[in-house]
Amino acid sequence: MTVTAAYPPARTVEVFEDVAGVRVPDPYRWLEKETQEVRQWQRRQAELATAAVYAGQDPEAVRDLIRACDTGSRPALPKYASGRWFRVVAPPGGSAPTVVVADEPFGDGRKVVALAGSEEGEHPPVVSWLAPAPDGRVLALGLCTDGSEHNTIRLVDVASGRQLDGAPEQILHSAWAGGVSWLPDSTGFYFFALTGTPEEFRQAVFLHRLGGGTEPEPIPVGEGSREYTLVQMSTGSRWAVAAHRVGSPIPVAVRDLSDPGTAWRPFVTGCTGTIAGHVVGDCYIAVTDVGAPRGRVVAIPLDAADPGDPAGWTELVPEGDTVLRSLTPVGEHLYLSEFDRTFARVRILDRSGAVTGEVPLPGRGALAAPFFPLTALATGTPAADFVFAFSTLTSSWGVYRHRPGETEPETLMPPAVVLDAVLEEGEAFAPDGVAVPYHVVRGAGGEPAPVLISAYGAANVPLLPQYQPDLAAFVAAGGVLVQAYLRGGGEFGHDWHLAAHRERKHVRDADLVAVAEHLLATGLTTPDRLALTGGSDGGLMCGIAVTRRPELWRAVLPRAPLLDLIGGTRDPYLDFVIRKAWADPDDPAEVRRLLELSPYQLVEPGVFPAVYLQAGATDPRCRPWHARKFAARLQAAQRGEAPILLHVFEDAGHGAATAHDVVVAQDAEWLAFLIGTLGLPGVSRPGPT
């Protein structure tokens, strides 16, 4: 692939950033601002990228393949309340979604409300979250209109479909705190929202009463904390619990709702591990890695005098060989989700914690789960059945229902796509001798083909062996996918995460190189047929790979990337992330360590592989200036012939709230770049089930 036109010129400026006394040049600082000059430069870069990736290809054929694979996208699971199921129905082609209520999880039911854009030509809003009141009379929705994940609350009368006045005006930064948490009597709800502008990134818990007002809720979460908070309650229990921290939640505060005069009081406050559970009667039953790196299930009395002392906890399920991840209340049971060498397993517990059975899953794959453990705690009213989505790396998402006491789950929605491919397991050894597992997805014929590594390895977030439409399309186009499970992620428990956390962040990048070199050494691929992709913190991983080991790759594709850790300290949201997961920007030694792992600062003149950077113009997490600055610096530093391309998509954010038609355009261009750069055999549709 070659670029026939010159890159849009990018001037440099004499600007330096002083972080804790460390002076860092920032020659492309001007690309951080959303000026007319920057927008014009960004548009020209996008036009150049689109022309280059589709040169010699049929764009519609690539989009058709993306659409075919997208029919197997992960469905939004319905929410249960008062004997009925509420779900979002999004018609094909990105039309306006509707909310349907039915007696069965995917029954025909009736339309509650349609959600069209306010102006002609505008993208329909994305439903960030859905929360019916326990009595089923009022439905709360979080709507995002610009792809940013910032959403506002809409309240709908379920019987009439009429929008109710008086919804809170606060903006929710995202859906990470679950949207709203209804009071058991359906008279109001708690929610976590911004207290100022999104850029300031300051949030608090609020209590809203239907027909009344909205007031801040004084929950003791710790002075100056910017972490997310989710309030949990349970029908039949008098307790409310505030779970705090998005990646490693703990029940930081508790309140007795039976006495209006009581205040929130601290619960478990000094714990650095995870305690993620639910209010069950007078206990908080949770999965914890305290004293058990792979997890155990414990019960903590909500009236305990010293709840932070693990000696007062009752162990219900001890640590075993699997990694325990989450609990889901189902009627009088708890369904325990686990990882068995990354593959899903589900056991069933009664309310005493005794294991009463196991759910037979449809294969070796993954259950659908929120990105962060805190969001998984927003379960709403427990249903009598366990409704779950499941997929594998070779078959798309199906939806199933399991009833406690039954042997087999019922199929509610079968997988729409099955790849003509096989799954293989392998492992590489990192420099410190640790085995790093990976999965290989290749065509059933086994012919040699270009390889794409997809990886993440950060934030205690597990990379799951699940179906992803864009990666499936790469396999359908003739490629071989390698999904690598690097340290820093949550696939193998607490110790696996901490092994590449903060001062050990470099371990994640060494694990990636070990996998790549192993694939080359074993003959699965060669450097001219090896590509790498990752998003967000995985985009930073890509930036390090392209600057530290450019000779390993034919192509590198960072998506929604974080690329300038030094500049990130000026962004309130990223300053929060960096302090939590990377380093202390007030410490000069820590800042110098950040410089060694910040791709924008690592760029030096040299020969680089082909690079395609994809970002969203409304991304509030990894703002588009990360990709802009890195692209400009890399284009100027490139001494080879491979293209350095940048496309910042309008009305696109970090991914969770991007409109369907924009996602198709993003995925198609990303795939076309791989087809053209790696010389994939061609575009073909995956097979139906």
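Buried means under 20% relative accessible area, exposed over 50%, and partly exposed in between (1.4 Å probe, protein chains only). By that cut-off, 59% of the 689 residues of the protein count as buried.

The model is predicted: local features need pLDDT of at least 70, side-chain atom pairs count only at pLDDT 80 or more, and totals for chains, interfaces and linings use all residues. Residues are numbered from 1 along each chain as its sequence is written, and side-chain values use heavy atoms, with hydrogens and water left out.

**Whole protein**

Start with a cartoon view. The protein has 13 helices and 39 strands (DSSP runs numbered from the N terminus: H or I of at least four residues, E of at least two). Its radius of gyration, over C-alpha atoms, is 25 Å, close to the 26 Å from the globule rule for 689 residues, so the protein is as compact as a globular protein of that length (the rule: 2.2 Å times the number of residues to the power 0.38).

Now show C-alpha atoms alone. They fill a box of roughly 70 × 60 × 60 Å along the principal axes.

**Helix α13**

Select residues 660-678, helix α13. Its 19 residues should span 27 Å at 1.5 Å a residue, and its end C-alpha atoms are 27 Å apart, which agrees (expected span: 1.5 Å times one less than the number of residues). Colour by burial: 14 of the 19 residues of α13 are buried, leaving the helix mostly covered.
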